Amino acid sequence: MADQLEAPGPTGRRTSDRTGRERVCGLRERKKRRTRDSLLRVALELFTTQGYERTTVDEIADAVEVSQRTFFRYFASKEDVAFTVVSMVEERFLAAVRERPAEEAPLTALRNAVMWAWDSVGEAIEAVIPIELHMRTYLMIESTPALLAVHLRRSTELEDAMARVIAEREGLDVDADPRPRIMVAAFGGVMRLTGRMWGRRQDASLAAIREMTARCLDLLGPALAGDWRGTDDGTGAPAGTGGAPAGAGGAPR
């Protein structure tokens, strides 16, 4: 009985101390994550409602009830905040390209990777901000000249990384063989076009941009290699009819 009442030995105390420190560290990291996520959500809400240029760091910090110094502990600038979720999506896509089966042709690998990314990215985005806010942020970037310039530069950098991944998959020297860059440039152009087309639609959802991305990518090959006068535009109708049945306004060539 006396033995049972003895204080824990050194080993027991060390284990207890370590567990306590881990618990404190865990709480501290969760608090940091909550602060960062709050700053991100508030900043994007302000950017999309009152404008990126009109929003100040002080406004963002005040809304979260933290100091400006705390803001800069998590983000280097307003621009850094604006592209945080975009960067996450791009990283997931690039990782998906690297993981595609080696037997897939380059364009097929890129298409399957972007489809997988759109299928899986929703949960990752929602862990940080609402999907609807991410969609509004994308449109805000496209309509803000300062951010659009950064977006185009980032797109160029992403395309360079994609070209290197494709070249490595195909066993090519990306600096000696232009085909990986040509393929990625075409793919990137389709993706930018898809974003602009999606931005003009009323349905600003992941499902909508996924469907539009799939359709545009499926038209890439025919658009580059096909005879447009004798093939359809992806609607199943003969070229020149605009999707209308014969006799319903489609003038013959």
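**Helix geometry and aromatic contacts**

Helix α10 bends by about 30° at L219, with a proline, P222, following within four residues. The model is predicted, and the geometry described here is computed from it. Helix α10 covers residues 206-225, 20 residues in total, and its first and last C-alpha atoms lie 30 Å apart, close to the 28 Å expected at 1.5 Å a residue. The buried residues of this helix are L206, A208, I209, M212, T213, A214, C216, L217 and L220. In an α-helix there are 3.6 residues a turn, so residues three or four places apart point the same way.

Helix α8, which spans residues 145-170, was examined in the same terms. Its 26 residues should span 38 Å at 1.5 Å a residue, and the separation of 37 Å between its end C-alpha atoms agrees with this. Helix α8 is followed by G171, whose phi is positive, near 70°.

Aromatic contacts were considered next. A search of the whole structure finds four aromatic pairs. In one of them, the ring centres of F47 and Y52 are 4.9 Å apart and the planes stand at 65°; the pair is therefore edge-to-face, since planes over 60 degrees apart are classed in this way. F47 and Y52 are both buried. A stacked arrangement is found for the aromatic pair F93 and F187, with 5.9 Å from centre to centre and 5° between the planes. F93 belongs to helix α5 (residues 84-99) and F187 to helix α9 (residues 179-199), so this pair ties together parts that are 94 residues apart in sequence. F93 has a relative accessible area of 8% and is buried; F187, at 2% relative accessibility, likewise counts as buried. Both values fall under the 20% cut-off for burial.

F71, F72 and F75 form one aromatic cluster.

With a relative accessibility of 5%, A117 counts as buried. The C-alpha atom of A117 is separated by 8.9 Å from that of E90, and these two residues are 27 residues apart along the chain.

How values were computed: Residues numbered from 1 in each chain as written. Predicted model: local features only at pLDDT ≥ 70, side-chain atom pairs only at ≥ 80, totals over all residues. Heavy atoms only, no water. Phe/Tyr/Trp six-rings, centres within 6.5 Å; stacked < 30°, edge-to-face > 60°. Buried < 20%, exposed > 50% of the residue type's maximum accessible area, 1.4 Å probe, protein only. Helix = DSSP H or I, 4+ residues; strand = E, 2+ residues; numbered from the N terminus. Expected span 1.5 Å × (residues − 1). Bend = angle between axes of the 7 residues up to and from the residue.
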